[in-house]
Amino acid sequence: MVIWYARLRGSFDGMNPRVISKIAEEFRSLNYPVPRYQPLVGENAFTTAAGIHVDAQLKNPMTYLSMDPTVIGREANILVGPYSGRSSIEYWLKKRGIEPTPQLIDAVYKRIMHLYDNGLRREPLGDEELNNILNDIMMSLTGQT
């Protein structure tokens with residue numbers, strides 16, 4: 001309601017929308033589970049893994065996100081999974097300061113798809129897993145074993 005009020009009025013009129021996230025954190029500290037998909041405050045709020053959504057979000061965040069998550073102290077999150085596509089991989093590499101060449105993106109993409117196609121993974125990959133894949137690929141590209 002606070003967000004829609006601000007959209008309609010053009011102002012928060014003194015309200016602090018960051019309190020929304022703080023309230024959810026307080027509930028979690030009391031061991032009250034906040035559902036992962038709860039709008040605004042759930043773990044997966046402002047998160048996408050689907051390739052077309054990732055591509056749109058990277059080009060213009062407002063094409064995918066209904067609001068700027070920083071308004072409530074959150075960040076948009078992009079996951080890498082079976083439906084992520086190459087845009088997610090490129091984003092992940094850039095975020096780590098790695099030049100995302102087409103050859104590198106393709107190699108990472110093929111390794112990721114191998115995991116999902118063979119039933120080795122169901123959930124999106126974490127940074128550690130992606131780092132392991134990247135390290136293996138970098139070693140093979142440089143001829144190291």
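User: Which residue lies over the face of Trp-4?

Analyst: This is a predicted model, where local features need pLDDT of at least 70, side-chain atom pairs count only at pLDDT 80 or more, and totals for chains, interfaces and linings use all residues. Residues are numbered from 1 along each chain as its sequence is written, and side-chain values use heavy atoms, with hydrogens and water left out. A charge sits over a ring if NZ of Lys or CZ of Arg is within 6 Å of the ring centre and within 35 degrees of the ring normal. At 4.6 Å from the ring centre of Trp-4, the residue is Arg-7.

User: How far from the ring centre of Tyr-109 is Arg-86?

Analyst: Arg-86 lies over the face of Tyr-109. The distance to that ring centre is 3.9 Å.

User: Is Asn-31 buried or exposed?

Analyst: Asn-31 is in the loop between α2 and β1 (47–48), and has a positive phi of about 60° although it isn't a glycine. Buried means under 20% relative accessible area, exposed over 50%, and partly exposed in between (1.4 Å probe, protein chains only). At 70% relative accessibility, Asn-31 is exposed.

User: What is the relative accessible area of Asp-13?

Analyst: Asp-13 is another non-glycine residue with a positive phi, near 50°. Asp-13 belongs to the loop between α1 (2–9) and α2 (19–29). Asp-13 is partly exposed, because its relative accessible area is 43%.

User: What average pLDDT does the protein chain have?

Analyst: pLDDT is the predictor's confidence in each residue, from 0 to 100. Here 99% of the residues score at least 70. The chain average is 89.

Terms used. Helices (H or I, at least four residues) and strands (E, at least two) are DSSP runs, numbered from the N terminus.
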